[in-house]
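This briefing is meant for someone meeting the structure for the first time. Please look over the sequence and the structure below before reading the notes that follow.

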Amino acid sequence: KPGACWGPVFVFVFASPACALPHRLYSIGSQMAQKLRDIYDALDHGNYKNCLKLCTAFLQKQPGHALCKALHAVALERCGRRDEALRQCEEAKASPTGVDDTVLSTLQVVYRRCRQFSSIARMYEAAATKDPDSEEMAVALFTAAIRDSDFARAQQVATKLYSKHKKQKFLHWVVLSLLLQAKSGAATKVLDLAAMMLMKAPIDKERLSGKDPVPFNRSQLYLLMLHLDTLRMQGKHAAALELLETCREVVKVPSDIASLRTNLLAEAGRAQDAAKEARGRVLEHPGDWGAAEEYIRRTFECPTPEVEISDHAARLRPPGGAFPSLATLEDVAAHGTEDEVWNALLLFRHLQEKSEQEGQEASAAVSAAATSRVARLAQLELRRRTFAASEAAAEEAGKSREAFDWRGAALDSDLVDFVTAVKEYLARFAHKPNCFFDLKPFLALLSEAEVASVVGAVDVSGLSDQRRALEASKTAARLRRALRGALRAEAAEAGA
């Protein structure tokens, strides 16, 4: 997902996965091929001890066979004998018969499972030196260098590949290597070099300006991500935002565009604009918990209003003691303030009211239930974050966590509202398989006295549907198991 995180946004992996073994049985004598096939079959079926026996017998007759030594190393590693496997790998590489790409790929399986990425890089370095015209070996060396975090070497390999083969993707690899060097703490001049290299690979804006719809082009998308990442790391956020707006057609998922814009705005220091962008995404997708969580996170990055250092929960208290009716977005705007956290609470309460009204209509029941679930969870998350903000503010003021009690800093009404929200969520969604896991992050905030009432909020008797009653019973059992320590303490205190 392009907007999920920043940094180089794509990684090229061309090597075979750790669990896959390359087969090469052609150009081998029939008897030898059959023996190797038996070894492969033993590995494929997990019979590693038998594989060791077969390899030992084969190597007694063919002591210098590189592929059998590599397969022997695989079997040793699968048996947990990693030191022996690595020694066998060294013997395979030094085999007088030489090694080919099948042997190298098989050895790579062992090195990757042993986390010996430097050995992979050295292995392909030697192979590329022996065969400098092989594009396949150079590509394998590039991926090995990336995996070994040797980004300078990866840049050199990618530059040679681009100079020799003139393929556009190799130019992208050069830029990727430069960006990874910059992220690893290299001098800022590598970013200037990356920007200069990208001038050789401009985005096709003429096609974007046409009237015809632009088909999805993965290469153009990756190229756009490289341009954006380079501008971002250079601190040119305004230019990055302008480029993203110009190339909107390249990114085919609207939520990805919104996520990219949000990240750019936040990194540019425009926290309010980033929160506004995230808010728009919530309004477009009210049933998307990821969008809601992103909006909540951005609201707490906005400038904090003047509040008592130990009472961030005050930001969620209604001025008149009761929440107003929020049937429309106009009502939300009318009761909004400069505090984006309070505005977020109003928005989620509006979405909750709206979804519960729509839930009465059969045609919109499913989407309304998803919106209601997200809106209720978002309100719980807002309260949890205000408690955490109070604790963090106390630490900044010099108070230790042991000396500061966030429950003591909050008003009783704040705690009651939090527990009530948890119980209401259980009453409405206990029949959902995900209910317990939705509430799990908030259970740790409950006191021993509050636990019993929360567990008792699951009313199985009120459910006529047998399947829903069963799921609600599972939710109650999960709660009792997760909170059994607090329940025992409460029971012991009541007995005393």
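Throughout this briefing, contact means heavy atoms within 4.5 Å. The model is a predicted one, and its chain of 496 residues has 46% of them counted as buried. The secondary structure of the chain comes to 25 helices and 0 strands. Among contacts between residues at least 6 apart in sequence, 63% join residues at least 24 apart.

**A residue in helix α24**

- E471 has its place in helix α24, which covers residues 466–482, and with a relative accessible area of 14% this residue is buried, because buried means under 20% relative accessible area.
- When its neighbours within four places in sequence are left aside, E471 is in contact with A430, H431 and P433.
- E471 also lies 9.8 Å from F429, C-alpha to C-alpha, although 42 residues separate E471 and F429 in sequence.

**Helices α6 and α7**

- Two packed helices are described by the angle between their axes and the distance between the axes.
- For helix α6 (residues 117–130) and helix α7 (residues 135–147), the axes come within 8 Å and cross at roughly 155°, which means that α6 is roughly antiparallel to α7, since angles over 145 degrees count as roughly antiparallel.
- The crossing of α6 and α7 is left-handed.
- On the α6 side the residues that meet α7 are F117, I120, A121, Y124, E125, A127 and A128, and on the α7 side their partners are M137, A140, L141, A144 and R147.
- Sorted by class, this contact of α6 with α7 has 10 nonpolar residues, no polar residues and 2 charged residues.

**Helices α7 and α9**

- Helix α7 also meets α9, with E135, V139, F142 and I146 in α7 facing F170, W173, S177 and L180 in α9.
- By class, the contact of α7 with α9 has 6 nonpolar residues, 1 polar residue and 1 charged residue.
- The axes of α7 and α9 come within 12 Å and cross at roughly 20°, and α7 and α9 are therefore roughly parallel to each other.
- Like the crossing of α6 and α7, the crossing in which α7 passes α9 is left-handed.

- S149 lies in the loop between α7 and α8, and its phi is near 65°, a positive value in a residue other than glycine.
- S163 is found in helix α8, residues 151–165, and at 45% relative accessibility S163 counts as partly exposed.
- The side chain of S163 reaches the backbone oxygen of T159 at 2.9 Å.
- K166 is found in the loop between α8 and α9, the latter spanning 168–183, and K166 has a positive phi of about 55° although it is not a glycine.
- At 59% relative accessibility, K166 counts as exposed, whereas S163 counts as partly exposed.

**A residue in helix α12**

- R232 is found in helix α12, which runs over residues 218–233, and R232 is buried, with a relative accessible area of 14%.
- The side chain of R232 makes a polar contact with the side chain of D229 at 3.2 Å.
- A polar contact also joins the side chain of R232 to the side chain of E267, at 3.3 Å.

**Helices α15 and α16**

- Helix α15 (residues 271–284) and helix α16 (residues 289–299) have axes that come within 8 Å and cross at roughly 160°, and that makes α15 roughly antiparallel to α16.
- The crossing in which α15 passes α16 is left-handed.
- The residues of α15 that meet α16 are A274, A275, A278, R279, R281 and V282, while those of α16 that meet α15 are A291, A292, E294, Y295 and R298.
- By class, the contact of α15 with α16 has 7 nonpolar residues, no polar residues and 4 charged residues.

Note on methods. Residues numbered from 1 in each chain as written. Predicted model: local features only at pLDDT ≥ 70, side-chain atom pairs only at ≥ 80, totals over all residues. Heavy atoms only, no water. Axes fitted to C-alpha atoms, helices over the stretch in contact; angles between N-to-C directions. Helix = DSSP H or I, 4+ residues; strand = E, 2+ residues; numbered from the N terminus. Parallel < 35°, antiparallel > 145°, perpendicular 65-115°, else oblique. Left-handed = near helix turned anticlockwise from the far one by under 90°. Nonpolar A, V, L, I, M, F, W, Y, C, P; charged D, E, K, R; others polar. Buried < 20%, exposed > 50% of the residue type's maximum accessible area, 1.4 Å probe, protein only. Polar contact = N/O pair within 3.5 Å; in protein donor to acceptor, adjacent residues only side chain to side chain.
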